Amino acid sequence: MSKILSISGSLRKESLNGKLSHIAVKEAVALGADAEVINLIDYDIPIFNEDLEAIATPEGVLRLKEKMLLADGFIICNPEYNGSISSPMKNLIDWMSRPTPEGKRALQNKKIALLATSPGSLGGLRALPHLRDIFTSVGSFVIPKQAAFGGAYDLLKDGEMTDVKKRKLLQDIIQELIQVIDSLK
Ligand SMILES: Cc1cc2nc3c(=O)[nH]c(=O)nc-3n(C[C@H](O)[C@H](O)[C@H](O)COP(=O)(O)O)c2cc1C
């Protein structure tokens, strides 16, 4: 069974990307995956600093790294900030790109589906190529299908994906992620 973590790059309580992350997990579970929402606010992840790392990797980083090492893949729900990746997401990638003392890397060979949502019409689309580049450069495999969902306040009302075609697109992306994980195991 594919083990998938869905991670939103927003720390906001009412985050639209957090809602999308929950919806994506529901779809992943319906498609047969073992999927879980990760809320970054539940982990103490300071801004990356090599001096801090030299003293000791923070406990929250270690806790999440353990989970990420055990996962086959990730659904990334990124809030677009100024046309790019959100700062919490970039910070997460920087911490997780660092090897464990045994040399294990939490992002290497992980299969990744990229999603974004925002109130605007483009839905965070401009950040997706940036995310793809960064994840590829740390050794992840980013699946071809991706989506940015605009008009998020209406689209994600009551924690559901209200548009049938967009829901199908989301299901197709998650299905592809599961297929890639299974075929490369
Ligand atoms: C610093 C900042 C920059 C933003 N830049 C963009 C942007 O480039 N494109 C966009 O669609 N929305 C942008 N927004 C609006 C966010 O999409 C919106 O606040 C969204 O709700 C954030 O995601 P969240 O709900 O998951 O926290 C920006 C918001 C902030 C705070």
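Student: Which residues come nearest to the ligand?
Tutor: S10, S15, N17, P79 and S118 do, out of the 16 residues around the ligand. A residue counts as near a molecule if its C-beta atom, placed from the backbone, lies within 6 Å of it. Keep in mind that this is a predicted model: local features need pLDDT of at least 70, side-chain atom pairs count only at pLDDT 80 or more, and totals for chains, interfaces and linings use all residues. Residues are numbered from 1 along each chain as its sequence is written.

Student: OK, switching to the sheet. What's the strand order?
Tutor: The order is β2-β1-β3-β4-β5, in an open sheet of five strands with parallel pairing. Strands are DSSP runs of E, at least two residues, and helices are runs of H or I, at least four residues, numbered from the N terminus. Two strands pair if DSSP finds at least two bridges between them.

Student: And which strands are at the edges?
Tutor: β2 (34-38) and β5 (141-149), each pairing on one side only.

Student: How many bridges link β4 and β5?
Tutor: Six, in the parallel sense, with β4 covering residues 111-117. I112 stands opposite V142 in β5.

Student: What about A30, buried or exposed?
Tutor: Exposed, because A30 has 11 other C-beta atoms within 10 Å. The cut-offs are 20 or more for buried, 12 or fewer for exposed and partly exposed in between, with C-beta atoms placed from the backbone. A30 lies in helix α1 (residues 16-30).

Student: Where is E102 relative to A30?
Tutor: Their C-alpha atoms are separated by 35 Å, and the two are 72 residues apart along the chain.
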